[in-house]
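Q: I would like to learn how to read aromatic contacts and surface patches in a model like this one. Could we go through them step by step?

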Amino acid sequence: IAINASIRATGNTKLPSYIMLLSAAINGILDPLLIFGLGPFPEMGIQGAALATVISWFIAFAVILKNLMNMNLIGFAFTQAVFSGWQKLVSLGIPAALTNMLGPLANGVLVAWVAGYGTQAVAAYGVGSRLEPIALIVVMAFTASLPPFVGQNHGAGEFKRIEAALMKSMRFILVWQLIIYALLVLISDPLSRIFSDDPEVQGIIKTFIYIVPISYFGMGFSLVCTATINALHKTRISLNINILRLFAIYIPMAWVGNHYWGLEGIFWGCAAGNITVGLLILLVFKKVRHDEELKNKLLAV
């Protein structure tokens, strides 16, 4: 993951993608061979799945490390510049790491509330949680590709390009995520049957799909904005935004929904939280974009 990010930072986004596809392909080939013992391979069950993952990641690591060395992006001399770089990485990385911890923490709170409605509710919410990253694949692509672009233009002092890229990204995400929502609604019935034979679980899955994914554009706004802010070396601002997003808006709205309308209310609260945060981020971005004094203050923080 670290090497992928390093190569993407040079502007080469294709190579890391190819390496990830290579890892997935190797894993997909080895899984049935080692799990079920096809051909000369032993039947190893869940251990086979684990071994397939280890082998695929090791091969991917070896390939991408070789490319990193060919690009002269790695060295073994411990100079003062290296230690200064590590110090800078730590100062930027700790807030970024805390930011990444907030999402699972908030999700844990929601799972605890959902658990109060029984195992079927937990199972259905689990399916919804698995569908979420799939529905947000394009958004995650933006969060991976924007930082190199932002970093290079930040170094060149081209802030107008950064602003234009972020605005265009949010416009695309709005349209794209609404299309994804429409597709999910259309296939919600067969999708729910794929994951469970229990009619109650199927019903909760469909309820989740009808409510929560419509708000993913708001989550997308938040993700691309925090990725952009991180690329500007303002990871503390990103951390503060995510604390406010999750624990001042998202979780409280889900709590209100749970308190007054039960399980469906949790879903509505999550959706309302995502949309509220997305709109607030859009309004603040537009305000900062047209206020040079405020922009300079934020960049100086």
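Q: How many aromatic pairs does the structure hold?
A: This is a predicted model, and the structure holds nine aromatic pairs. One of them joins F78 and F83, whose rings lie 6.5 Å apart, centre to centre, with 35 degrees between the planes.

Q: Which values describe a pair of aromatic rings?
A: In general, a pair of aromatic rings is described by the distance of the centres and the angle of the planes. The pair of F78 and F83 counts as tilted, because an angle between the stacked limit of 30 degrees and the edge-to-face limit of 60 is given that name.

Q: Which kind of pair do F83 and W86 form?
A: F83 and W86 form an edge-to-face pair, with 5.3 Å from centre to centre and 80 degrees between the planes. Both residues belong to helix α4 (residues 80–115), where they are three residues apart, about one turn of the helix. Together with F78, they make up one aromatic cluster.

Q: Are F78, F83 and W86 exposed or partly exposed?
A: F78 is exposed, at a relative accessible area of 58%, whereas F83 is partly exposed at 41% and W86 is partly exposed at 43%.

Q: Which residues form a nonpolar patch on the surface?
A: The patch is formed by L174, V175, L178, I179, L183, L186, I187 and I214, which together have about 690 Å² of accessible area. Among them, I187 sits in the loop between α7 (159–186) and α8 (188–195), and I187 is partly exposed, with a relative accessible area of 41%.

Technical notes. Residues are numbered from 1 along each chain as its sequence is written. This is a predicted model: local features need pLDDT of at least 70, side-chain atom pairs count only at pLDDT 80 or more; totals for chains, interfaces and linings use all residues. Side-chain values use heavy atoms; hydrogens and water are left out. Rings of Phe, Tyr and Trp (its six-membered ring) pair if their centres lie within 6.5 Å; planes under 30 degrees apart count as stacked, over 60 as edge-to-face and the rest as tilted. Buried means under 20% relative accessible area, exposed over 50%, partly exposed in between (1.4 Å probe, protein chains only). Helices (H or I, at least four residues) and strands (E, at least two) are DSSP runs, numbered from the N terminus. Patches are made of residues with over 30% relative accessible area and no salt bridge: like charges are joined within 9 Å, nonpolar side chains (Val, Leu, Ile, Met, Phe, Trp, Tyr) within 5 Å. Accessible areas come from the Shrake-Rupley method with a 1.4 Å probe; for residues, only the protein chains shown count as cover. A salt bridge is a side-chain nitrogen of Lys or Arg within 4 Å of a carboxyl oxygen of Asp or Glu.
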